[in-house]
Amino acid sequence: YTGANLGVVAADRLGGATFLADGVAPTLGATVRQPQLAQTLAMLGDEGAEGFYRGDLAKCFARGCGEAGTLVTAADLAAFEAEIQTPIEIAYRGYTVRQAPPNSMGWVLLQELKIAEQFDLRAMGQGSADLLHMLVEIKKLAFADRERYSADPRHFTAPLEELLSSNYAAARAAQIAPGRAIGRAEPALALAGDTTYFSVIDGQGNAVSGIQSLNRSYGSGVMAGETGILLNNRMSPW
């Protein structure tokens, strides 16, 4: 809550009233009450996912989005259908690791593992400066590729076979030097042409995958009407 993006949430009547006190961010440990969001969660509990897309919550959410001037409509929500896709996978030190395919960015974790596999991480020592340095540099390189190659697969085909190949991982690993940080990582393939997450699975196989992905503090700063839902800005260029 350090001043980042306070202006946008302060400009939103509902968002500002919820998260700020006289335009000031709450102090560390302060209580933030969100009764409207609590009501939305209760509605989700009663109606399930269907309620978010085609139930009373959908109507409330669409109305709030319209009041905020967004392009989301009740028809958009009602037309939504979840896609069932085949996972992508890699082999990592004797394990098979699977992730969601694009438009998910799950492939970035797989790429990080492929690069990490090029090093003897155990020899560096758990929690050591050398290990932390290595993991940070690996993430820099993979995220540079993420920014370049992640997109809607309807409009762009990410070169996953190359990005997740052992040869490419070795080439990326060669860019990492012990004791020296990469200043600015760049994508390496030549082509033609602040997130919170939890996953819970119970003994009966029921699974919940929950993610809240904001690009900056308070996201867009805009709340969808009386739902208490703060709209994200994940597609923002900054």
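These are my notebook entries on a predicted model of one protein chain.

**Entry 1: the whole chain**

I started with the overall picture. The chain has 238 residues, and 34% of them are buried. I counted up the secondary structure next: it comes to 11 helices and 4 strands. For the overall dimensions, I looked at the C-alpha trace, which spans about 50 × 45 × 40 Å along its principal axes. The accessible surface comes to about 15,000 Å². Carbon and sulfur atoms account for 55% of that surface.

**Entry 2: helix α3 and what follows**

**Entry 3: positive phi without glycine**

Asp22 is one of them, with a phi of about 55°. I placed Asp22 in the loop between α2, residues 13–19, and α3. Is Asp22 buried or exposed? Its relative accessible area is 80%, so I put it down as exposed, the cut-off being over 50%.

Arg93 is not a glycine either, and its phi is positive at about 50°. This residue sits in the loop between β1, residues 88–92, and β2. Arg93 has a relative accessible area of 39%, so it goes down as partly exposed.

**Entry 4: a cis peptide bond**

Which residues does the cis peptide bond join? I found Pro102 on one side and Asn103 on the other, with omega at about 25°. Asn103 is in the loop between β2, residues 95–99, and α7, residues 107–116.

Next I went to helix α8, which covers residues 121–124 and includes Leu121. Why do I call Leu121 buried? Its relative accessible area is 17%, and buried means under 20%, so Leu121 qualifies.

What does Leu121 touch, leaving out residues up to four places away in sequence? My list reads Tyr92, Arg93, Ala116, Leu131 and Met134. Arg93 turns up again here, the residue I had noted for its positive phi. I also checked Leu121 against Leu132, 11 residues apart along the chain: their C-alpha atoms are separated by 9.9 Å.

I then moved along to Ser128, in the loop between α8 and α9, the latter being residues 129–149. The relative accessibility of Ser128 is 18%, so Ser128 counts as buried too, under the 20% cut-off.

**Entry 5: a nonpolar patch**

Which residues make the nonpolar patch of about 280 Å²? I wrote down Phe198, Val200 and Val208. Of these I followed up Val208, which lies in strand β4, residues 207–213. Val208 has a relative accessible area of 46%, so I logged it as partly exposed.

For a second look, I marked the cis bond between Pro102 and Asn103, the positive phi at Asp22 and the contacts of Leu121, including Tyr92 and Met134.

How values were computed: Residues numbered from 1 in each chain as written. Predicted model: local features only at pLDDT ≥ 70, side-chain atom pairs only at ≥ 80, totals over all residues. Heavy atoms only, no water. Helix = DSSP H or I, 4+ residues; strand = E, 2+ residues; numbered from the N terminus. Buried < 20%, exposed > 50% of the residue type's maximum accessible area, 1.4 Å probe, protein only. Contact = heavy atoms within 4.5 Å. Patch = residues over 30% accessible without salt bridge, like charges linked within 9 Å, V, L, I, M, F, W, Y side chains within 5 Å. Areas by Shrake-Rupley, 256 points an atom, 1.4 Å probe, with all protein chains shown as cover. Salt bridge = Lys/Arg side-chain N within 4 Å of Asp/Glu carboxyl O.
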